[in-house]
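I wrote down each item as I came to it.

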Amino acid sequence: MFTRARRYAAALLATALIAGCAQTPSTPTTGSSGGAFPVTVKASNGTVTIAAKPARIVSLSPTATEMLYAIGAGGEVKAVDDQSDFPANAPRTKLSGFKPNAEAVAGYKPDLVLIQNDTNGLLAALTRLKITVLVLPSATTLEASYAQTLALGTATGHLPQARQAVQAEKTKIAAAVSTAKDRGKGLKVYHEVDPTYFSATSRTFAGDIYKLFGMVNIADAAKATAPDYPQLSAEFVVRSAPDVIVLADTQCCAQSAAVVAKRPAFANVPAVRTNTIVAISDDIASRWGPRAADLAAAISTAIVNRKA
Amino acid sequence: MTTRAVTDRVRPSRPAIAVIAVVLLLALAMLLAVCVGSTVVSPLALLTGRLSDVDAEVILQLRLPRVLLAALVGGMLSQAGAAYQGVFRNPLADPYLLGAAAGAGLGATAMIVLARGTFAVAVPIGAFVGAMIGVGSAYVLGRAASRTGGTAALLLAGLASTAFFTAVQTALLQAHNSDLLQVTAWILGQLGTASWDSLGLIAPYAAVAAVLLAFAGRWLDVLSVGDDEAASLGLRPERVRFAILLAASLSTAAAVSAAGLIGFVGLVVPHILRRLAGTSYRLLLPLSLFGGSIFLVLSDLLSRTALYPAEIPIGVVTAFVGAPFFAFLLLVGNRQ
């Protein structure tokens, strides 16, 4: 039946989407360094050898796109997917990272393609066309994120700049944590992915940042479920009384501190009472690239300004 | 044969018992669902109002509206399913087969994608309009394909509508990948955002649909003996069928707009009740209203407690419970 088929497809889509956000990558590491090629890079699709410095890169991952520009490889980027909206000068196309079309990708004649997940048989199709592919899935820790940046540095011949970018990010995050001092310690945080209470646990890069502040992630109680982004109940969120709420659904779903305050039973939630609600760009809160430091800075500011 | 003779086929003792049973079961199910959640409160404390401030707020603002919404949505879907089955004289007909759910899905998706969350109220409206267009197009197509308005043509037209709306929805999503999570959550059904406001939004539609369908039972019983016989009894089959179809679609659209796509309620519940209480639609329609409420209240209870504090999408729970049970009923039915 059509309806039933659609429901299964939707369920699979949801699983893939959430898994895409949540899966633990085989951490990419650099196998060689400097600008000399060939180099080997360890990615989720194994150890990949890159024979020569890529001159035509296609990125189907918004995070990888941000990383490429942060390490100075933007000049070699010829096309990015329709979700890669940062930086603004990235050559955005209609290529889809969710349902990529191998022929459309090949049309850009890339010598390196970056993807987040191997969907639609893209990896096999591009491999048949002898196009090098790196699969760089969602990082679940900041260290995994740094490793991806360094791997991209190696793969593109920009390793020194990649090291600088990672160092800059680490410095910015450390400064944010230092500014907050111990004021975040023990605070309960609720990271909202969408208004139906999907949330991020500590098994995500955002969760990793909360740990640096010593915060307690209320979504971690959902241990029985496989996804790192479980759907919680409104009851649970209210009863958990989070001290800090981070809204990662400001763009998709028009959520704001005022909207949260109007939700049933939320008026007495500590984060609402003290107005410790971080309304941040969905992209910054969901991409594990260099702008993760901006998330840390926003959290730091909220903690410092919080009136206990 | 008279209308009365046709509609009095139910054994006299069964209706009263059946109605009392489902009303009592619904009351018990709702009490259980209100008492159990992030914390369990005793029915005594609940009924006497001896609750802590937090418990009182959680129950009054979150749990009670959610339970009531589940009851309302379940009842509407189930009653609509029973009505569709009567109209098409097919026990497998349900709101999802006739393009209503697919149309609602497309309407909601279009609003989510185009309004980009700016107008949250646009989503239920989109779903409602989509559902009406879905069933309407199926009906018009079915009528065009068959001069007599035969049920097979209508059902096939429903399938065609469903396929078309699903295809458009998929294409829309393909072009707006960033909205996938929100749309997918809606497609799998959601009661977690229930509030007194969302209840208030659909209550008028539910009331109108329930009243309209309350009168439909006698007509459906007459139609069940055949169009010619119904006409000879003074009924105009096509007009009656169309009126019931509209009422059932209104019911479906209101339910879908409030809670997303929740399958199997309109299929399984009337099927079970038909086996328990007989085939008269005079009894089946009200029983389905209460039965659907019971089914969805308990399904929601399972969805929010089984993996607490995580939730299982309500549509997944109804499919898990409904699909095997329905398969079992089919097997038993065939053997008999």
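Where is the place of Ala254(A) in chain A? I found Ala254(A) in the loop between helix H9 (250-253) and helix H10 (257-261) of chain A. Ala254(A) is partly exposed, because its relative accessible area is 33%.

**Confidence**

I note that this is a predicted model, and that it scores ipTM 0.74 and pTM 0.80. For chain B I wrote down a mean pLDDT of 83, with 89% of its residues at 70 or more. Among the elements of chain B, the lowest mean pLDDT, 50, belongs to helix H1 (residues 3-7), and the highest, 94, to helix H14 (residues 281-305). I keep in mind that where pLDDT is low, the predicted coordinates should not be read in detail.

**Backbone**

I then looked up Asn275(A), which also has a positive phi of about 55° although it is not a glycine. Asn275(A) lies in the loop between helix H11 (270-273) and strand S12 (277-279) of chain A, and it counts as exposed because its relative accessibility is 54%. I recorded these angles because most residues other than glycine have a negative phi, and most peptide bonds are trans.

For the peptide bonds, I found a cis bond joining Phe37(A) and Pro38(A), with omega about 5°; Pro38(A) has its place in the loop between strand S1 (29-30) and strand S2 (39-43) of chain A. In chain B, a cis peptide bond joins Tyr308(B) and Pro309(B), where omega is about 5°, and Pro309(B) lies in the loop between H14 and helix H15 (314-335) of chain B.

**Salt bridges**

I counted on the total given for the model, which is 17 salt bridges over all chains. Which side chain meets that of Arg63(B) in a salt bridge? It is that of Glu235(A), at 2.8 Å from N to O. Arg63(B) lies in helix H4 (residues 53-87) of chain B and Glu235(A) in helix H8 (residues 234-240) of chain A, so this pair joins two chains. Both Arg63(B) and Glu235(A) are buried.

Within chain A, Arg306(A) forms a salt bridge with Asp243(A), and their closest N and O atoms are 3.5 Å apart. Arg306(A) lies in the segment after helix H13 (292-305) and Asp243(A) in the loop between H8 and strand S11 (244-247), so the pair ties together parts of chain A that are 63 residues apart in sequence.

Within chain B, Arg304(B) forms a salt bridge with Asp300(B), the closest N and O atoms being 3.4 Å apart. Both residues lie in helix H14 of chain B, four residues apart, which is about one turn of the helix. I also noted a network in which salt bridges that share partners join Glu66(A), Asp85(A), Asp283(A), Arg287(A) and Arg291(A).

I checked the length of helix H9 (residues 196-214) of chain B: at 1.5 Å a residue its 19 residues should span 27 Å, and its end C-alpha atoms are 25 Å apart, which agrees. H9(B) has a kink of about 35° at Ile202(B), shortly before the proline Pro204(B). Ile202(B) is one of the buried residues of H9(B), which also include Leu199(B) and Ala206(B).

Last, I looked at a nonpolar surface patch of about 270 Å², made by Ile125(B), Val129(B) and Ile133(B). Val129(B) is found in helix H6 (residues 122-145) of chain B, and it is partly exposed because its relative accessible area is 41%.

How values were computed. Residues numbered from 1 in each chain as written. Chains lettered and ligands numbered in written order. Predicted model: local features only at pLDDT ≥ 70, side-chain atom pairs only at ≥ 80, totals over all residues. Heavy atoms only, no water. pLDDT = per-residue confidence, 0-100. Patch = residues over 30% accessible without salt bridge, like charges linked within 9 Å, V, L, I, M, F, W, Y side chains within 5 Å. Areas by Shrake-Rupley, 256 points an atom, 1.4 Å probe, with all protein chains shown as cover. Salt bridge = Lys/Arg side-chain N within 4 Å of Asp/Glu carboxyl O. Buried < 20%, exposed > 50% of the residue type's maximum accessible area, 1.4 Å probe, protein only. Expected span 1.5 Å × (residues − 1). Bend = angle between axes of the 7 residues up to and from the residue.
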